[in-house]
Amino acid sequence: MAELLRVEGLEAGYGPVPVLHGIDLALEEGGIATLLGANGAGKTTTLRAVCGMVKTRGAIRFRGEGIEKRSTEDIARMGIAHVPDGRGTFTDLSTEENLRLGGYVRADRAAVAQSMEQMYAYFPKLAERRRQQAGTLSGGEQQMLAVARALMSKPRLLLLDEPSFGLAPLIVAGIFEILRTINREERVAILLVEQNAAMALDLADHAFLLETGRIVMSGPAARMREDETVRRSYLGY
Amino acid sequence: MRRKNIALAVLLVVACALPFLVSNFRVFQLTMVLIYAIVLLGLNMLTGYNGQISLGHGAFYAIGAYTAAILMDRFGVPYWLTIPVAGAVCLAAGFLFGLPALRLEGLYLALATFALGVALPQLMKYKHLEHWTGGVQGIVIVKPDAPFGIPLNADQWLYFFSLALTVVMFILAVNLLRGRIGRAMVAIRDHPIAAGAMGVNVAMYKSLTFGVSAMYTGIGGALGAIAVQFVAPDSFNVFLSIAFLVGIVVGGLASIEGAIFGAIFIQFVPNLADQISKAAPWAIYGIFLIAFMYLLPGGIAGLIKALRRRYDR
Amino acid sequence: MTASKTWAPVAFAFALAVAPGAFAQKKYDPGASDTEIRIGQTMPYSGPASAYGTIGRVEAAYFQKINDEGGINGRKIKLLSVDDGYSPPKTVEMTRKLVEQDEVLFMFQPLGTAANSAIHKYLNTKKVPHLLVASGATKWADPRNFPWTMGWNPSYQTEGRIYAKDILANHSSGKIAVLYQNDDYGKDLLKGLKDGLGDKAAKMIVAEASYEVSDPTVDSQIVSLKGSGADIFVNIATPKFAALAIRKVYDVGWRPVHYLNNVSLSVGSVLTPAGLEKSVGLITTAYLKDATDAQYANDPGMKDYLAFMKKYYPDGNIADSSNTYGYSAAQALVQILKQCGDNLTRENVMRQAANLKNLQLPLGRPGVLINTTPTDFQMFKSMQLQRFDGKQWVGFGDAVQ
Amino acid sequence: MEAFLAQVLSGLATGGIYASVALALVMIHQATHLVNFAQGEMAMFSTYIAWSLIHAGMPYWAAFFLTIAISFAGGVVIERVIIRPVEKGSVLSVVVVFIGLLVILNAVAGWIYSFTVKPFPSPFPAEPLFGNHYLSSHGLGAIAITLMVVLSLWAFFRFTPLGLAMRAAAQNPASARLVGIRVGWMKALGWGLAAAIGAIAGMMVAPIVYLDPNMMAGILLYAFAAALLGGIDSPFGAVVGGFIVGVLENLVGTYVIGNELKLTVALVLIIGVLIVKPSGLFGRTVVQRV
């Protein structure tokens, strides 16, 4: 299986405050990896660093190409879709317009329309809310919208930041189910940041554990799940 | 700290000596610098420290000026007594305008104050106010002579009067801004929500800042009226408000000494601009404005601070 | 009898000694020397009234021409014209600079009523001539209280009275509507009109409407005025608004007897924008010729003016009546300075300014002469009524007082 | 009654002027969430460009469209060169730059073209339509063009991907970048569009108020009032707001407080709307749920 993303010695921060102190990670095409860690460990910053939203040092290679100097727009156009924390919904626009924006970078109009129908098939709730102002959707619907919008660009890599945040367990389960389906059917790789480590490890095939800006442990998800530290600190049993 | 005190003392001695060294006309110009410094200090409290943009402070300057002129002309009130009255009137006017303005953020406040600055001169001509304001003709007032037989001419006396007032206003401002109130003002500018959460009464502070800022400006206006000996609606057009804004930007936002640099700038640079280009003096002014924003966002005060830091090291 | 005879030669000799002229010693006040006469001026080169800045420019150009031709009695004129942004505080500052630091002999044509009001007292206290003030307020001709100030424009009140007189003579049963600019100039002219109408004013004026220079149009005012049923319209507006009013009056189908104030008589910059066909029948007063009026195409004074503009002020707009205005004021000043001879004291400058006799300026309307005396500082006392025929202004009647 | 009607009609004519300038203001706001104080002066400057072209012998409509194109390019350049460097700074720095721009454009226009008023041609017939005396053909034509501009804008924002991208970029720049929108260019494009609309506004206004460097000075404040009244994010609202302000100004000026206090009316309107209903009559109030 070919390597999709490789990060080496990644450092990043906000202004003078460093957050990441040299991170290495890799992800295969079509794989799912999860970043675990406490609040403030640097998970969100890692995702932001990958898509050029913060100043970084170190190497980031996507499909063999260095992207650390690229702008967010270019990175998005290369096939990395990011569902940021807070979901980044365009609240004043309608559901459908949000989806259309997801497919903004694709030239083929017919294919975009097809993708849109596909999203409505994955998330029937969104089809019902097609014309509704996105800001008025429920939290779960907004999360679905965010994922759907990201998928509209036909990405190779989906960066997901806390998709379960603030949602009822039932809804979270639904979303994760769809993520699994999408990963399987569309061959989209996923890099997932998640508070709910149990669910994340369930979904992922590989996991990285972050502590204060460093990767302290990594390995196949199944093995990580067995680890004593992980279990005690993140799985809570 | 000691070095700073020495510098201030030297500055004050120079300021006291100047009127005996230069011509009366220069003394008048220096008086205007002092007046503008008071105004800019007031505007800087509002815009620099508290983050509320005003494009209409010329209106408060006008209210202060008219208060002084009407009191002197119609009621024979001595000039020195008009200053606190003008300050009080503007404090009230600023507070009242600040109340609704509270709800306006950034650009919208700029817009509302801009409208105020444009509309107020027209109000001064209103026929029902004409009896007081002198309508379009304005009011001519008499420049006060030095009291108690002090051997100073009228220009020099007014200069020292303004100097004393400036010193008092600056000391008040320093105490205000460096203390609890000043910290609250800055907190509101930088983190309005956090400031509210920490128990700062944001609404009260904002309107109060507006009031105090207007008070400073009004005191400047009253002094300005006495120095110029004339008020008319034409004196307070929207360009005046813009000049004040230019003053705090060039002098240095959120800087107390910046008010002085800004005052020197708006007093003398228009004359320079006029000499550079008779065709379009304001174009030069506009270029200055934008250039400062790009090259010296901290204004002259920021530049001096940076230079001193380098020199100290 | 005997005594006076004995003393007569002595008195004569004494008179010669003090009289200005060939026998006089060269006498100078600050600003004057053997080679130069320094003059100060404030002008709104920037700010809301910058349209008038061209007056200062055309005057500087005219003095350049005079200097190129050898100056006045061998002295060059140096005009220090500075920007006051139309802001009275700045006028005060710049005037003090000119008087106290640059030591000008006198102030020439500072512009604006408010600006001049701000320096009125100062210059009279300092005894510095405040000459040919560029404003038509009546207060500039008050030699008893302000002997150092003399205006240039015919006073607005006088102009208003001239219209009143014509109305009373020709349309005494009419109903009058007035549009005026809400400032000193508009109100002064309106006052003159009312004074001229006397006790009939209250009855005859059926509607008044003011506008502000910040108004985009005067449409609403014109509609109201038309609604008053008036059949006489007095248009007291500066060029842009006068043009707006002329056009609107015509467009709403109102055909009153239309008096247009003098500041807006320019064919090029008022009547053409308003539409010449819409301007037919307008009545105004004039003291200067209009450079855009075809009837002066072969007028020698006008030809000189156009040649001057071409050579010395090619950027200037011929259609702008501010340029003929400044040119004429500069010529009047040159006459005053010529009369001063070598006695260039402030007192003598003022004395000569108050001693202009039947001066016919090249651009003055025929019969409109300048006369001043120590008790009468009003430059223009007579103006001529004229009517627009669709192409040019045609004078009618005599020059009226 | 006839007088009243006449005031309303002439108010509509003036309202059309406010509407067109307000539209340009709304436009920049849509693209950048800024209120451009220099909008009026930009429109004035564009109109001078048109005037120069027409005086050089170009036919009206050719000059009209060329001016729009030049103004569009000018707007883009202004954004890239002048606004960009301060965009990330405080609101104050943006306001200061706007003010600087206003002052420069006004002074330069006066310097190049002098302050004398110039007549500006209208593409519409001189004869009034339907024999009414209060709305000239030009007034009606200008209103029609304004409405056309609003409609095409509405369609552009509603139906084209580019329009959608511009709205997204203004609303949530971070998210817009994540979907691959070049936010910087969207803003520049917004400025270009606003400048182009301003140019149309200027060319429609100038035949009514004559062309001079201070042409927009009086209009801008009323246009602000109109834009705010209609809702600063609603092009349609801006146009309706313009008409309301125009009529209101006439009626209040004529029947209530007299013509001397019209600016005060605008002031009260601006502050009143901002306080009572900041979203204006037609602006969207966003309901946020978390």
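Colleague: How many residues of chain A are in contact with residues of chain D, and how many of chain D are involved?

Modeller: Two residues are in contact if their C-beta atoms, placed from the backbone, lie within 7 Å. In this predicted model, 25 residues of chain A are in contact with 21 residues of chain D. Local features need pLDDT of at least 70 and side-chain atom pairs count only at pLDDT 80 or more, while totals for chains, interfaces and linings use all residues. Residues are numbered from 1 along each chain as its sequence is written, and chains are lettered from A and ligands numbered from 1 in the order in which they are written.

Colleague: Which helices of chain A each supply at least two residues of the side that touches chain D?

Modeller: Helices (H or I, at least four residues) and strands (E, at least two) are DSSP runs, numbered from the N terminus. On chain A, helix H2 (72–78), helix H3 (95–102) and helix H6 (139–151) each supply at least two residues of the side that touches chain D.

Colleague: How is that side of chain A divided by class?

Modeller: Ala, Val, Leu, Ile, Met, Phe, Trp, Tyr, Cys and Pro count as nonpolar, Asp, Glu, Lys and Arg as charged, and the others, Gly among them, as polar. The side of chain A that touches chain D has eight nonpolar, 11 polar and six charged residues.

Colleague: Which chains have the most contacts between them?

Modeller: Among the four pairs of chains that touch, the most contacts are between chains B and D. There, 34 residues of chain D are in contact with 35 residues of chain B. On the chain D side, the elements that give two or more residues are helix H3 (60–87), helix H4 (91–113), helix H9 (217–230) and helix H11 (262–276). H4(D) gives the most, with 16 residues. By class, this side of chain D has 27 nonpolar, six polar and one charged residues.

Colleague: How far apart are the nearest C-alpha atoms of chain A and chain B, which do not touch?

Modeller: The nearest C-alpha atoms of chain A and chain B are 17 Å apart. Chain A and chain C do not touch either, and their nearest C-alpha atoms are 35 Å apart.

Colleague: At what angle do helix H6 and helix H8 of chain D pack?

Modeller: Axes are lines fitted to C-alpha atoms, for helices over the stretch in contact, and angles run from 0 to 180 degrees between N-to-C directions. Helix H6 (residues 161–171) and helix H8 (residues 183–209) of chain D pack at an angle of about 105°, with their axes 9 Å apart. H6(D) is therefore roughly perpendicular to H8(D); angles under 35 degrees count as roughly parallel, over 145 as roughly antiparallel, 65 to 115 as roughly perpendicular and the rest as oblique. H6(D) brings D:Ala165, D:Met166 and D:Ala169 to the contact, and H8(D) brings D:Val183, D:Met186, D:Lys187, D:Leu189 and D:Gly190. By class, the contact has six nonpolar, one polar and one charged residues.

Colleague: What is the order of the strands in the open sheet of chain A?

Modeller: Two strands pair if DSSP finds at least two bridges between them. The open sheet of six strands in chain A has the order S6-S7-S8-S3-S9-S10, with mixed pairing. Its edge strands, strand S6 (80–83) and strand S10 (214–220), each pair on one side only. The twist averages 15° from one strand to the next. Within chain A, strand S7 (residues 157–161) and strand S8 (residues 189–193) run parallel and are joined by five bridges. A:Asp161 stands opposite A:Val193 in S8(A).

Colleague: Is C:Gly53 buried or exposed?

Modeller: A residue is buried if 20 or more other C-beta atoms lie within 10 Å of its own, exposed if 12 or fewer, and partly exposed in between; C-beta atoms are placed from the backbone. C:Gly53 counts as buried because it has 27 C-beta neighbours inside 10 Å. C:Gly53 is found in helix H2 (residues 53–68) of chain C. Leaving aside its neighbours within four places in sequence, C:Gly53 is in contact with C:Met43, C:Pro44 and C:Tyr45.

Colleague: How many residues of strand S2 of chain C are buried?

Modeller: Strand S2 (residues 36–43) of chain C is mostly covered, with seven of its eight residues buried. Eight bridges join S2(C) to strand S3 (residues 76–83) of chain C, and these strands run parallel.
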